[in-house]
Protein chains: 2
Amino acid sequence: MPPSQAPRTLTVELGERSYPIHVGPGLLGDSRWIQPYLAGRQVMVVTNETIAPLYLDRFKQGLPSDLDVREVVLPDGEHTKTLESVACIWDALLAAGFNRRCTLVALGGGVIGDMVGYAAASYQRGVAFIQVPTTLLSQVDSSVGGKTGVNHPRGKNMIGAFWQPRAVLVDTDTLSSLPSRELSAGLAEVIKYGLIRDVGFLEWLEARMTSLRELQTDALREAILRSCAIKAEVVAADETEQGVRALLNLGHTFGHAIEAHQGYGAWLHGEAVGVGMAMAAEMSRRLDWLAPSDVSRIRAVIDAAGLPLSAPASMTSDDFLAVMRLDKKNIDSRIRLVLLQTVGCAYVEEAVPNASLEGLLVDYPRI
Amino acid sequence: MPPSQAPRTLTVELGERSYPIHVGPGLLGDSRWIQPYLAGRQVMVVTNETIAPLYLDRFKQGLPSDLDVREVVLPDGEHTKTLESVACIWDALLAAGFNRRCTLVALGGGVIGDMVGYAAASYQRGVAFIQVPTTLLSQVDSSVGGKTGVNHPRGKNMIGAFWQPRAVLVDTDTLSSLPSRELSAGLAEVIKYGLIRDVGFLEWLEARMTSLRELQTDALREAILRSCAIKAEVVAADETEQGVRALLNLGHTFGHAIEAHQGYGAWLHGEAVGVGMAMAAEMSRRLDWLAPSDVSRIRAVIDAAGLPLSAPASMTSDDFLAVMRLDKKNIDSRIRLVLLQTVGCAYVEEAVPNASLEGLLVDYPRI
């Protein structure tokens, strides 16, 4: 392949738990990318019914031939992210007689990655796992941070562990099968990294958005690497999630309100975050941080990614506030928001003036 | 209380995860021993139906009055050590709306400690927990090492995590309600610590066995502290369980064979370990490490603890070998055993000669 398309590597620095993220085309079928990270001969590949027909054979063909490879194929969807699914993985590991030197592979999007990571964290008190994320969102989000877990009927991600992968293999070729709506949803998080911390990256995105949506390999590789690098910096600065890590939630407070009100799944997470970032930009303007031209610029890049800019017609100001008041980031019932001081620099607004917030929620355009 | 009975403290050194083990009478009813280790106001006490009527009220009376204290009372017994029981704890935490700053308390024996530790390790990706072990076995064994988890139909302790407590509170008064058979079973592990690493401690045990079985507070406190200190040294030297930590399994390979053949629960774990240590001593003599007088001495202290010395009448040599061949410590189908070079110094025999082992298993006295 031409050098412009060769895989490149980012190392997430975590002392003895440091690991590489390899990004580029053609990783799935090539054993060189996975062999160094296998703990032993026993490999359990976990994927779902959508991904298995597309990539499971190619992945298995890229494994060294002397391994004991088993597989678990789960149903697809956020509703499968349960303790019961993780117990299925444990059952399969025990039925296969796999020991502490086995390796779990998560082949799929964020749901698969979260479940397999937790299965690995708890099997025989912790075994190796490798992430092979196949959606843009999971490639730029779950690749860094070590969060694993499942949902409980009473709350998302309530049961889980911090558990780092041995390696993350991002094969950009897998994005060719991703529905364009999900590609756009992933781009929302990519744009977020530029907005909160790196105006140069935002400029780069503005110039390359067409290339990204056309799935040009070098553009995708660069966007994924820079996104992961920014997330790794933020996480390293705040592993315990007390301070700067909150900046990763730009657009998420408004976005979660949309997802919760509309029912999870009606809007994709990234779509809701796209609108949420546009709302956060407008809020930042009303608090005199951003100029109107900054808001226009931010709306333009969100729009160019194929994301919606308007909130759901059915949501009133009170609908937003009802969910936002329950946000875990709030302290003493004041609503906290991640806002922008400038394009490329986010901050946490500790006490958003109620009048300003309600004005925004009343005025903001609906679909 | 007289100074000879005041609680004493051992610190388990694990860097930023270091924690104290407080040992002595009267800890349960006294808030000074628990207050420094509470993460916040939310406290979930988990215990079982045997321990709750004996100690739950006393424990709760020893908590500061401004806390939000809830409780879960599970059935008693090894058969309850399942993922379903842990899920009950998670359900209770979520129903109470407990957040990441809650504290779980394990009030009971090893089964409760293992389950509550795992529940804490996985709730919201990890919360604080405090061990309050009420059996001698859990006081000298589960207090050190950070192993938590549950059984799976296909194997013991297959699902779990390494998760350290904030503190361990050993109230020696709780041993007054322990059946004497369980006290003896706990003493088997205490004797083990002397045999593998500390002949001075073994001499002390030989002199104080009557005091221990009569539940004299100062003797119990000393035996528990020295046992925990030896285990902490061994674990610190080998956190990943590759080498010296195997020495903690003295007597356990023979013992597990007895437990597995007789059905778990028919023999207490410590009873099987007692016979197992006597068998390991005899095996060590047959390999010319120990003198006959050493074997007699070891048998005498096991006997003085109220433990059996003879293997079950129904177990043939082949019954032992069938289980021992499956032991996780074996490498390439050779049977590995922890044996004694001298009284107070254990080693791992990598390849026990088959003829010697079979001779022992045929000759060893049965009940």
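Student: In strand 4 of chain B, which residue is the bridge partner of Val46(B)?

Tutor: This is a predicted model, in which local features need pLDDT of at least 70, side-chain atom pairs count only at pLDDT 80 or more, and totals for chains, interfaces and linings use all residues; side-chain values use heavy atoms, with hydrogens and water left out. Residues are numbered from 1 along each chain as its sequence is written, and chains are lettered from A and ligands numbered from 1 in the order in which they are written. Strands (E, at least two residues) and helices (H or I, at least four) are DSSP runs numbered from the N terminus, and two strands pair if DSSP finds at least two bridges between them. Strand 3 and strand 4 (residues 68-74) of chain B pair in the parallel sense over 7 bridges, and the partner of Val46(B) is Val72(B).

Student: Which residue of strand 5 of chain B stands opposite Met44(B)?

Tutor: Strand 3 of chain B is joined to strand 5 (residues 103-108) of chain B by 4 bridges, and the two run parallel. Opposite Met44(B) stands Leu104(B).

Student: How many residues of strand 3 of chain B are buried?

Tutor: Buried means under 20% relative accessible area, exposed over 50%, and partly exposed in between (1.4 Å probe, protein chains only). Gln42(B), Met44(B), Val46(B) and Asn48(B) point one way, Val43(B), Val45(B) and Thr47(B) the other way, and all are buried. For strand 3 (residues 42-48) of chain B the count is 7 of 7.

Student: Which strands stand at the edges of the open sheet in chain A?

Tutor: The sheet has 7 strands in the order 1-2-9-6-5-3-4, with mixed pairing. Each edge strand has a single partner strand, so one side of it is left without a neighbour in the sheet; the edges are strand 1 (8-12) and strand 4 (68-74) of chain A.

Student: What angle does helix 2 of chain A make with strand 4 of chain A?

Tutor: Axes are lines fitted to C-alpha atoms, for helices over the stretch in contact, and angles run from 0 to 180 degrees between N-to-C directions. Contact means heavy atoms within 4.5 Å. Helix 2 (residues 83-95) of chain A packs on the sheet, touching strand 3, strand 4 and strand 5 of chain A, and its angle with strand 4 is about 155 degrees.
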